[in-house]
Amino acid sequence: MISFKGYKNGLLSLTDVANQLKTAIAKEDFFRLSDTELAYKALRQFHFKKLEATEESISKYAQRVIDVTGFLKNSDNPISNFLRIYLDLGSKLLQVKNQLEAEAKNHLKQINDLLDYYGTLPFIIRYKTEPTAPRNNEERKQLEFYKRTILKKEQVIAYLLDGILDRALEKSAPVTRSEWGESLKDIMAEMEKSEDFPYLDFIYGLKYEHALDMERLDFRQINPLKNKFQWIDQALLEASSYTPEIDAEFERNILPEVFFAEMIVKLKDIPMVKDRLDIFEEMDNLFTEQKWYALYALALPQVEGIFTEMQEMTPKKRAKNSLTEKVNNLRSVYEMAQYTFDYYEFTLADLRNSFSHTGKIDQPKKKCYHLLADIWYLLEICTELDAPLSKLAKLIKEGNVSFKHIGNFSDFINLLMKIDKNG
């Protein structure tokens, strides 16, 4: 109970009273009770002995509480004002809640439609009947994306059952909102969307955007370009697969006379991986001579080899089997893995398996350009891993500019000690 006398005498602030009222009233009541019923339930917390469940009595006592604030005396609608002041109740609460619910249900439908598709796959049918380990890369891919989709569905349902009420109350509250300049308008709208639907994903790209990342849920939409953005013109970045225009961009931007020269400089700064120098020089010669089959055959196993050596740069347990397992083992030490590692773990692993079993490749020139961009990206992230040896390599590469104060030198020594400890 709230002491009205204490509130009136200044022992309780308006914020104290509002917080106690919000704690005492179930959030579901904000949506199922009328304004009059909600005000009555709130006013009962003051233990007014003569309060009655009539509109006249509720209005009288609502005004009595409002009068303590010193404003809105003799208001025309004391019940609405009481709810607005003490419960932050917005006039469009149900409208906001219904809008959020409708959008969340659209998201749920997208997810259910995808799950319906997964329900047609023989392996998923077997797995749902009796969970069994996948036997090949295709089944691993199906299972991984199926589990992600199930998890996303659970997040949306949890929001619909509970979180949506909190957000509707917060979003409809009668608070003064800051006006943002036109340049920030789109960004602020996206930030609000991420608060409206906290299960949405940040979409990797040039724009600040939140949505259901279907590329993370539908294995048919794995994007082969997100690790190659630097080679693609900005106007083409919205694409989700190779196009003739994008392939032409690769040929324009990946030039034989400069590409390997720059890549070999990167290679020399990376522990363990730098031992591949002779191989990269051989690939450089094959690229210059346009021997596409030979270049593809030599370049393709470099991907798995670099992932193997990236593992050796971390204290993680080694995965000695497939490329898929090696890539998955490194996800936790690279913050951007969720956007680019599906391509390496599944798509590129399929290409490697196909080539190793058949010894054939169609359109070898085009595939070589794709593969060289894949390798470039791996060399760039070798010094971005959350691992002591990777961080040390980056410090050494950056040189003196990394040591701006004594704390940087301390970090350097700590990295050396961790590396020594990890062997």
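**Notes on helix packing, loops and cysteines**

1. E190 counts as buried, at 14% relative accessibility (buried is under 20% relative accessible area, exposed is over 50%, and partly exposed is in between, with a 1.4 Å probe and protein chains only). The residue sits in helix α10, which covers residues 182–196 (helices are DSSP runs of H or I with at least four residues, strands are E runs with at least two, and both are numbered from the N terminus). Leaving aside neighbours within four places in sequence, E190 is in contact with Y208, E209 and H210 (contact means heavy atoms within 4.5 Å).

2. A word on what you are looking at: this is a predicted model, in which local features need pLDDT of at least 70 and side-chain atom pairs count only at pLDDT 80 or more, while totals for chains, interfaces and linings use all residues. Residues are numbered from 1 along each chain as its sequence is written, and side-chain values use heavy atoms, with hydrogens and water left out.

3. How does α4 pack with α5? The axes of helix α4 (residues 35–43) and helix α5 (residues 55–67) come within 10 Å and cross at roughly 55° (axes are lines fitted to C-alpha atoms, for helices over the stretch in contact, with angles from 0 to 180 degrees between N-to-C directions). That angle makes α4 oblique to α5 (under 35 degrees is roughly parallel, over 145 roughly antiparallel, 65 to 115 roughly perpendicular, and the rest oblique). The crossing of α4 over α5 is left-handed (the near helix is turned anticlockwise from the far one by less than a right angle; clockwise would be right-handed).

4. If you want to click through that contact, select T36, A39, Y40 and L43 on the α4 side, and E55, I58, Y61, A62 and V65 on the α5 side. By class, the contact of α4 with α5 holds 7 nonpolar residues, 1 polar and 1 charged (nonpolar covers Ala, Val, Leu, Ile, Met, Phe, Trp, Tyr, Cys and Pro; charged covers Asp, Glu, Lys and Arg; the others, Gly among them, are polar).

5. Helix α4 also has α6 as a partner: the axes of α4 and α6 come within 10 Å and cross at roughly 55°. These two helices are therefore oblique to each other, and α4 passes α6 in a left-handed crossing. On α4 the residues involved are D35, T36, L38, A39, A42 and L43, and they meet I79, S80, F82, L83 and L87 of α6. That contact of α4 with α6 is made up of 8 nonpolar, 2 polar and 1 charged residues.

6. Now to α8 and α9. Helix α8 (residues 122–129) packs against helix α9 (residues 137–172) at an angle of about 60°, with the axes 10 Å apart. The pair is therefore oblique, and α8 passes α9 in a right-handed crossing. F123, I124, R126, Y127 and K128 of α8 meet E139, Q142, L143, Y146 and K147 of α9. The residues of this contact of α8 with α9 divide into 5 nonpolar, 1 polar and 4 charged.

7. Two backbone angles deserve a look. D88 has a positive phi of about 55° although it is not a glycine. Its place is the loop between α6 (78–87) and α7 (93–118), and with 30% relative accessibility D88 is partly exposed. Q290, also a residue other than glycine, has a positive phi near 55°. Q290 lies in the loop between α14 (277–288) and α15 (292–312), and at 51% relative accessibility it counts as exposed.

8. Where is L12? You will find L12 in the loop between α1 (4–8) and α2 (14–24), partly exposed with a relative accessible area of 21%. Along the chain, L12 and R331 are 319 residues apart, and 52 Å separates their C-alpha atoms.

9. E28 is placed in the loop between α2 and α3 (29–32), and at 41% relative accessibility it counts as partly exposed.

10. As for individual cysteines, C368 is buried at 2% relative accessibility, and C382 is buried with a relative accessible area of 0%.
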